[in-house]
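Have the viewer open as you read.

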Amino acid sequence: MTARSNGECHSRRESSEVSDPSVHQLRLFVVLAEELHFRRAAARLFMTQPAFSQQIRAMERRLGLRLVERTSRVVELTPAGHALLPEARAVTDAMANLRQVAQARSREVSGRIVIGTLAAEPAMPHTQAILDELHKRHPKLTIETRNLNFINQYEALACGEVDIAFLRPPAPSHIQIQHLAEEPRIVCLPAGDPLAAEESLTLAHLSDRTMVTMPPESPQVWRDFWSINPRPGNVPVRFGPLAVDVEGVLHAIARRKAIGFLPASARDFYPRPGIVYRDVVDMPPCTMALTWFAENRDRPDISAVRQIARAVLQSQS
């Protein structure tokens with residue numbers, strides 16, 4: 001009776017010493033069950049084999065169970081190991097899900113962001129997709145959009161009037177960009193211009209036409225790009241009436257005062273009486289871009305929009 005009592009006491013003492021394994025140990029056990037090889041399992045988790053083996057033994061001690069049978073060639077799960085494996089997987093899967101939720105919440109951005117747009121950019125598919133995803137991912141972020149023009153488009157970013165903007169490069173050096181799409185440029189002509197009878201033109205055809213003048217407040221690199229200055233052969237550009245936005249460009253052209261170069265999508269977004277659009281076969285294309293002031297690159301709200309833009313582009317490629 002005394003011996004039986006001592007055995008019972010010893011059994012109760014072992015039972016009381018059982019403790020919970022760590023999630024890390026459970027993860028190691030699951031990998032070992034998949035590999036059935038200590039060296040491969042350790043390598044998969046970027047651990048040394050002795051450290052890996054030590055953690056498995058520590059887990060077995062905590063549970064008071066032998067989970068694996070080890071020989072020089074073979075690793076097998078014991079009946080207890082097979083019984084515990086589904087539970088270990090459930091715990092490690094639950095922890096992985098918990099981390100994903102926590103990471104998503106930590107990336108959630110709140111507050112207010114002002115997004116600038118130029119001309120028809122709000123209607124572009126990439127713009128709409130990015131803004132839709134921004135609303136979805138960051139419901140606590142208040143999003144305000146603001147129309148910009150040729151004068152203030154880049155200055156608004158530098159002075160903080162807008163936080164990020166959908167614009168048409170080239171941009172000055174203090175503005176960083178993320179390209180979103182590319183499209184041809186076309187020429188917009190008065191309907192009565194003799195060249196309007198042609199289906200496509202070259203820059204040489206347009207060399208004697210007067211160009212709409214972009215405002216001097218806009219960057220020189222941007223003005224030169226949209227007037228194609230200099231022209232092939234260094235033909236000087238003739239400049240005429242000033243326009244501060246696309247509507248001003250179209251008004252000057254409809255009054256037969258000048259011509260202008262615009263993105264090809266202007267055909268769809270800006271049909272007007274008195275003007276025609278024609279292809280120009282030797283004119284380089286233009287790009288659409290997400291833009292921000294270089295010093296604000298790592299702000300959480302701007303980083304969030306940039307990340308969403310990359311994700312949208314990848315999904316559309």
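Strand 6 and strand 13 run antiparallel and are joined by 8 bridges. Strands here are DSSP E runs of at least two residues, and helices are H or I runs of at least four, both numbered from the N terminus. To see one of those links, pick isoleucine 175: its bridge partner in strand 13 is phenylalanine 293.

A quick note on the model: it's predicted, so local features need pLDDT of at least 70, side-chain atom pairs count only at pLDDT 80 or more, and totals for chains, interfaces and linings use all residues. Residues are numbered from 1 along each chain as its sequence is written, and side-chain values use heavy atoms, with hydrogens and water left out.

Next, the packing. The largest nonpolar core has 33 residues, and Leu250 and Tyr277 have the most contacts inside it. Such a core is a set of buried Ala, Val, Leu, Ile, Met, Phe, Trp, Tyr and Cys residues joined through side-chain atoms within 4.5 Å, where buried means under 20% relative accessible area with a 1.4 Å probe, protein chains only. Strand 3 (111-118) and strand 13 (286-293) are among the elements that each supply at least two residues, while helix 9 gives the most, with 5.

Leucine 250 touches Cys188, Leu262, Tyr270, Arg272, Ile275 and Tyr277, not counting residues up to four places away in sequence; contact means heavy atoms within 4.5 Å. A second, separate core of 20 residues includes Leu26, Ile56, Leu63 and Leu67.

Technical notes: Buried means under 20% relative accessible area, exposed over 50%, partly exposed in between (1.4 Å probe, protein chains only). Two strands pair if DSSP finds at least two bridges between them.
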